[in-house]
Amino acid sequence: MACYPFPCLPTEENCSSTFFPPFSDDRRDLKRLKRTQSADEFATCSGGLSSTTSTLCGGSSSGSTSSLNSLPRLQFRDHIWAYTQRYLAVEAMEEAAAALMNDCEREETIACAEGNGNGMRLVQLLIACAEAVACRDKSHASILLSELRADALVFGTSFQRVASCFVQGLSDRLALVQPLGAVGFSGSTPKTSTVSSEKEEALSLVYEVCPQIQFGHFVANALILEAFEGESSVHVMDLGMTLGLRHGHQWQSLIHSLANRAGQPPRPLRITGVGNCAERLQAIGDELEQYAQSLGLIFEFSVVESTLENLQPEDFNIRDGEVVAINSIFQLHSVVKESRGALNSVLQRLHKLSPKLVILVEQDSSHDGPFFLGRFMEALHYYSAIFDSLDAMLPRYDTRRAKMEQFYFAEEIKNIVSCEGLARVERHEKVHQWRRRMSRAGFQPAPIKMLAQANQWLGKFDVCEGYTIVEDKGSLVLGWNSKPIIAASCWKCSSI
């Protein structure tokens, strides 16, 4: 991916000296620090970190304890809380920034690539604006947003385009934050699941042009075909049926493979689609049934109209002799909540179905960290790689690319940046985090041994060079220029 210059790390120590309470979802990470530490230890830690940051930036360090004296009406525990949050926020920022800096060591900066310093200035403005929003400094953030809107162009360079999406998210978040001295984050109401025509078209373009979705479909179908070996019938449960695509592309491909498998008679296939719109899912099912009938395959389709949180094992009406396969493409991350209990409950209910395999395909990035600045930096790194890949595949003024970026990827970015609480559903996590979650729910990994087959598939996919598929502890990871984008893993019940 193109490399973007990185200025000195902003810290929440640079915010207004007036204490601002943290966002509500930051509270759970306080357990990471020992409660027996003294106030002097917290102040020393925060002051040392501030001094280190100032040194890296070429400036002088300022005493951290002076801010305590400017807060006469705060309780002692509030002082501890403030410095704790600032320390952890900087820690999260540095982890995300390290990846950007490592990439920058290997590649030229965007300023050199473009022959000017606009790229560097845009990065600096974005990070400064994110810091101002985190500090609830509305006046300063508004000034920075005005500058960003002039530079972040929808039809500009790849980074200008991705910056335009983050500017939208920062603007939305700034409108929701409460002023200094208020508690918490006002958040926003969860959006309905309705799909606009623009987003539907953008999703179809992403499926056709980009390899991300089709990579998940390819890996999942290969694993399901393998599960058919020696079994009389398979019942596939598709969580979040087809992602909102109007046609069952994944299942048409599977039906075709089953009907034309050499040396084996067609075996019955049953698919249950899970989603919020039964009418839409049934239309896809009718289309699949006609296609299966034309190929002489015994096929049955049913619908479970439900959210993942409300899904129950009895909804699937499992029959004797059926082998169960659960298919989840970009779905389970939306069940991750601050409480951490919602996803575990869903996984435990899925475990009761005793599936032979669970195929899990998710975005491979940490977009659910407890601190806004850390999430912001991680998302900026991740979506910069995606926009860079689109830049290599399509011309700058291609309207298809603009639709994908503004109506699909921009929606994810805005949700990550501007939303909190129930409204934030794009809670992507790294594959190693999913390993811990699945293991706690009673699943054990089933290593995917098809790297050569996957790379052969990628070679046939009509995309430019830069996309790679690697194996990571039994999972397959699709990446762009070494940056992980999508991870596919396979799981089975511990008792199987």
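The points below start with the basis of the model and then go through its contacts.

1. The model is predicted, so to speak of local features a pLDDT of at least 70 is needed, side-chain atom pairs count only at pLDDT 80 or more, and totals for chains, interfaces and linings use all residues. Residues are numbered from 1 along each chain as its sequence is written, and side-chain values use heavy atoms, with hydrogens and water left out.

2. Helix α14 (residues 399–418) packs against α7 at an angle of about 35 degrees, the axes being 8 Å apart. Axes are lines fitted to C-alpha atoms, for helices over the stretch in contact, and angles run from 0 to 180 degrees between N-to-C directions. Helices are DSSP runs (H or I, at least four residues) and strands likewise (E, at least two), numbered from the N terminus. The crossing of α7 and α14 is right-handed. Residues in contact (heavy atoms within 4.5 Å) include F166, L170 and R173 of α7 and A410, I413 and V417 of α14.

3. Helix α8 (residues 197–209) also meets α14: their axes come within 8 Å and cross at roughly 115 degrees. This crossing is left-handed. A crossing is left-handed if the near helix is turned anticlockwise from the far one by less than a right angle, and right-handed if clockwise. Among the contact residues are L203 and V206 of α8, with F407 and F409 of α14.

4. The structure holds 25 salt bridges, each a side-chain nitrogen of Lys or Arg within 4 Å of a carboxyl oxygen of Asp or Glu. In one of them, K403 pairs with E201, with the closest N and O atoms 2.8 Å apart. Because K403 lies in helix α14 and E201 in helix α8, the pair ties together parts that are 202 residues apart in sequence. K403 is partly exposed at 30% relative accessible area, and E201 is partly exposed at 38%. Here buried means under 20% relative accessible area, exposed over 50%, and partly exposed in between (1.4 Å probe, protein chains only).

5. E429 and R437 form a salt bridge with closest N and O atoms 2.6 Å apart, and both residues are buried. Salt bridges with shared partners also join R173, D368, R375, E420, R424 and R427 into one network.

6. K337 and E309 meet in a salt bridge at 4.0 Å, N to O. K337 is buried at 13% relative accessibility, whereas E309 is partly exposed at 32%.
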